[in-house]
Amino acid sequence: MPFSFDEATHAITMAAGDTANMLIHVEYKELSAGDVLVFAIFDPSDLNDIVRKTVEIKDGIARIRLCNHDTRDVEPGRYKWNLRLITSPIYDEEGNIRVDECTDEVITVFDTPPSFKLTRGGGRV
């Protein structure tokens with residue numbers, strides 16, 4: 001099954017190893033240059049991230065691209081996903097975001113994270 005997004009439930013379905021491009025419109029009154037959106041797919045049983053993408057928001061749009069290597073080795077199953085907006089992020093030596101300052105905003109988009117169903121599309125590529 002190709003990538004699909006359910007507008008009502010925000011559920012995502014895609015085949016492991018497929019490529020998906022998502023454009024997310026971010027409406028937040030205090031957006032500024034350098035603000036980012038963090039997209040994460042996680043296992044609801046242990047809350048560990050399976051896929052994590054951090055992208056800069058430009059002109060109110062975050063462009064998230066899931067590539068073959070992001071999901072090809074992930075077991076098919078039912079996961080959850082969420083988005084977090086981070087304003088004025090600081091990066092450590094490894095390029096990971098740190099939010100040590102009280103001036104940073106960290107905003108979770110979904111109170112109840114939507115479903116992310118990963119299927120097996122055929123031969124592993």
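Modeller: Strand 7 gives the largest share of the lining of the largest pocket, with 4 residues. Keep in mind that this is a predicted model. The largest pocket has a volume of about 240 Å³. Its lining counts 13 residues, and those closest to the centre are V38, A40, D49, R52 and R84. Strand 4 (36-42), strand 5 and strand 7 (77-86) are the elements that give two or more residues to this lining. By class, the lining of the largest pocket has 9 nonpolar residues, 3 charged and 1 polar.

Now the charged side chains. Two names from the centre of the largest pocket, D49 and R52, pair up: D49 forms a salt bridge with R52. Their closest N and O atoms are 2.9 Å apart. R52 has 52% relative accessibility, so it counts as exposed; the cut-off for exposed is over 50%.

The structure holds 2 salt bridges. The other pair is D70 with K53. Here too the closest N and O atoms are 2.9 Å apart. D70 lies in helix 1 (residues 68-71) and K53 in strand 5 (residues 49-56), so this bridge ties together parts that are 17 residues apart in sequence. Buried or exposed? Both D70 and K53 are buried. In this model that puts each of them under 20% relative accessible area.

Strand 3 (20-25), strand 7 and strand 10 (106-108) are the elements that give two or more residues to its lining. Residues lining the second largest pocket include I24, H25, L83, L85, I107 and T108. V26, E27, Y28, L37 and V109 line the second largest pocket as well. By class, this lining divides into 8 nonpolar, 2 polar and 1 charged.

Conventions: Residues numbered from 1 in each chain as written. Predicted model: local features only at pLDDT ≥ 70, side-chain atom pairs only at ≥ 80, totals over all residues. Heavy atoms only, no water. Salt bridge = Lys/Arg side-chain N within 4 Å of Asp/Glu carboxyl O. Buried < 20%, exposed > 50% of the residue type's maximum accessible area, 1.4 Å probe, protein only. 1 Å grid on protein atoms, 1.4 Å probe; cavity = no way out; pocket = protein on both sides within 12 Å on 5 of 7 lines; lining within 4 Å. Points joined across faces, edges and corners; volume = space filled by probe spheres on them. Nonpolar A, V, L, I, M, F, W, Y, C, P; charged D, E, K, R; others polar.
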